[in-house]
Amino acid sequence: MSKKLKEALDSELDPEVTEIKMTIDFNKTPLDQLLEYCKHHNYEKTETDMEKKPLKSTEYAKFIKDEWEQEFMKKLNGLDEVAALLFAAEEMRVPALKELCCACFASHLKGKDVETLKKEF
């Protein structure tokens with residue numbers, strides 16, 4: 001579960017308070033994706049079951065053991081969406097999703113020289 005949401009739900013705040021303060025302004029897409037991930041895991045997944053670091057491959061199927069998570073990450077459109085989801089996972093404190101996004105981002109960089117990366121970014 002999102003630690004930020006859990007803290008908000010567990011706190012003894014005024015019941016009239018219906019907002020959670022965000023330090024980063026997100027568009028709706030990464031938050032919808034974060035919610036989809038959390039719902040799929042019944043808000044309970046706190047650790048990833050990925051292959052341990054360092055990544056041995058750039059293919060998601062080689063380091064992400066959960067097939068649903070493989071497909072979930074494959075449907076993101078490029079590194080910009082992975083980065084947006086990573087920032088949302090960090091802000092909402094969803095550690096398993098954060099680690100998943102970091103690994104996918106790192107797999108894109110793996111094995112590329114500096115000149116190739118300069119052209120991409």
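Is Lys45 buried or exposed, going by its relative accessibility? Lys45 counts as buried because its relative accessibility is 15%, where buried means under 20% relative accessible area, exposed means over 50%, and partly exposed lies in between, with a 1.4 Å probe and protein chains only.

The model is predicted, so local features need pLDDT of at least 70 and side-chain atom pairs count only at pLDDT 80 or more, whereas totals for chains, interfaces and linings use all residues. Residues are numbered from 1 along each chain as its sequence is written, and side-chain values use heavy atoms, with hydrogens and water left out.

Side chains of opposite charge can pair when their charged atoms come close. With a salt bridge taken as a side-chain nitrogen of Lys or Arg within 4 Å of a carboxyl oxygen of Asp or Glu, the count comes to 8 salt bridges, including those in the table.

| Pair | N to O distance |
|---|---|
| Lys45 and Asp49 | 3.4 Å |
| Lys74 and Glu71 | 3.7 Å |
| Lys98 and Glu90 | 2.8 Å |

Lys45 and Asp49 also belong, with Glu69, to a network of salt bridges; Asp49, at 33% relative accessibility, counts as partly exposed.

Lys74 and Glu71 both lie in helix 4 (residues 67-74), 3 residues apart, which is about one turn of the helix; helices here are DSSP runs of H or I with at least four residues, numbered from the N terminus. Lys74 is partly exposed at 46% relative accessibility, and Glu71 is partly exposed with a relative accessible area of 46%.

In the remaining pair of the table, Lys98 is partly exposed at 34% relative accessibility, while Glu90 is partly exposed at 43%.

Key. Helix = DSSP H or I, 4+ residues; strand = E, 2+ residues; numbered from the N terminus.
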